[in-house]
Amino acid sequence: MIPVDIITSKEMSDIAQIVKLHDIDVPLVAVYCGSRKGNDPVYVQSAHELGRALVEAGLGLVYGGAVIGCMGAVADGVIEKNGIAVGVIPEFMMDREVAHGGLTRLHLTDTMHTRKAIMAEYASAFITLPGGLGTLEEIMEIATWRQLYQHEKPMIILNINGFYDKLVEHLQFTAEQGFMKPEDLHRLIVCNTVADAIELLKPIVNMPDTMNVNKI
């Protein structure tokens, strides 16, 4: 049976005690993606491919914990290769997003904010696959945290099937209009294939997060 605990926002002041990284011997990559499959099979296929590729590269997964959609596919890919897969899911979403039964570790949380903070603490890097509003919110929030000097971790947008072309175009426009620094834009690394994303991670995923800040 998967170890399961329930974490509340009141406990987050001691996040290091919750996120027991000493028990995990590989860097974990946070993958943000949809709880739906999308209309093109390439989205689920790419999620599954990414999961397998992470393990082959000596990496593990932390993600939203669900067994459905692209989220389930990326976890399946990791589990099939006997990799480490950590899930984090709010209690109130358990009826909508059934938790994956094959995970290494599963955390239940009281809020979405707690969920995202735990995922970010586990992560050595972030990859965004296609997804909906929640996925967009997650990558934009983690990019904002970097802008506010809360972490130095790599952030990759995996632009499968040109899914994020218009988002990238809008972010470029945002920088051109003076609402975003070019360096904050460039920290969001865009690539088009799983292989490219893995290659980008290899030299930087173990980069120490040495910023002396009070993290969000």
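A crossing of two helices is left-handed if the near helix is turned anticlockwise from the far one by less than a right angle, and right-handed if it is turned clockwise. By this definition, the crossing of α2 and α3 is right-handed. The structure is a predicted model, in which local features need pLDDT of at least 70 and side-chain atom pairs count only at pLDDT 80 or more, while totals for chains, interfaces and linings use all residues. Residues are numbered from 1 along each chain as its sequence is written, and side-chain values use heavy atoms, with hydrogens and water left out.

The protein chain has eight helices and eight strands; helices (H or I, at least four residues) and strands (E, at least two) are DSSP runs, numbered from the N terminus. Of its 216 residues, 50% count as buried. Among the contacts in the protein chain with a separation of 6 or more, 75% are accounted for by residues 24 or more positions apart, where contact means heavy atoms within 4.5 Å.

Two helix pairs were examined. Helix α2 (residues 41–56) and helix α3 (residues 69–80) pack with their axes 7 Å apart, at an angle of about 30°. Axes are lines fitted to C-alpha atoms, for helices over the stretch in contact, and angles run from 0 to 180 degrees between N-to-C directions. Helix α2 contributes Tyr43, Val44, Ala47, His48, Leu50, Gly51, Arg52 and Val55 to the contact, and helix α3 contributes Cys70, Ala73, Val74, Asp76, Gly77, Val78 and Glu80. By class, the residues of this contact comprise nine nonpolar, three polar and three charged. Here Ala, Val, Leu, Ile, Met, Phe, Trp, Tyr, Cys and Pro count as nonpolar, Asp, Glu, Lys and Arg as charged, and the others, Gly among them, as polar.

In the second pair, the axes of helix α4 (residues 112–122) and helix α5 (residues 133–147) come within 12 Å and cross at roughly 60°. That angle makes α4 oblique to α5; angles under 35 degrees count as roughly parallel, over 145 as roughly antiparallel, 65 to 115 as roughly perpendicular and the rest as oblique. The crossing of α4 with α5 is right-handed. Lys116, Ala117 and Ala120 of α4 meet Glu137, Glu138, Glu141, Ile142 and Trp145 of α5. This contact has four nonpolar, no polar and four charged residues. Within α4, Lys116 is buried, with a relative accessible area of 9%. Leaving aside residues up to four places away in sequence, Lys116 touches Glu137, Glu138, Glu141 and Trp145.

Aromatic side chains were considered next. Rings of Phe, Tyr and Trp (its six-membered ring) pair if their centres lie within 6.5 Å, and planes under 30 degrees apart count as stacked, over 60 as edge-to-face and the rest as tilted. The count by this rule comes to three aromatic pairs. One of them, Tyr32 with Phe126, is stacked, at 6.0 Å centre to centre and 20° between the planes. This pair links distant parts of the chain, with Tyr32 in strand β2 (residues 28–32) and Phe126 in strand β6 (residues 123–128), 94 residues apart. Both Tyr32 and Phe126 are buried, and the relative accessible area of Tyr32 is 4%. Not counting residues up to four places away in sequence, Tyr32 touches Met119, Phe126, Ile127, Thr128, Leu129, Thr135, Glu138, Ile139 and Ile142. The C-alpha atoms of Tyr32 and Thr135 are separated by 5.6 Å, although the two residues are 103 residues apart along the chain.

The rings of Tyr43 and Phe163 have their centres 5.8 Å apart and their planes at 75°, so this pair is edge-to-face. Because Tyr43 lies in helix α2 and Phe163 in the loop between β7 (155–158) and α6 (165–176), the pair ties together parts that are 120 residues apart in sequence. Tyr43 is buried, with a relative accessible area of 14%, whereas Phe163 is partly exposed at 35%. Tyr43, Phe163 and Tyr164 form one aromatic cluster.

Backbone geometry was also considered at two asparagines. Asn82 has a positive phi of about 60° although it is not a glycine. Asn82 is placed in the loop between α3 and β4 (85–90) and counts as exposed, at 73% relative accessibility. Asn161, likewise not a glycine, has a positive phi of about 60° and lies in the loop between β7 and α6.

Note on methods. Buried < 20%, exposed > 50% of the residue type's maximum accessible area, 1.4 Å probe, protein only.
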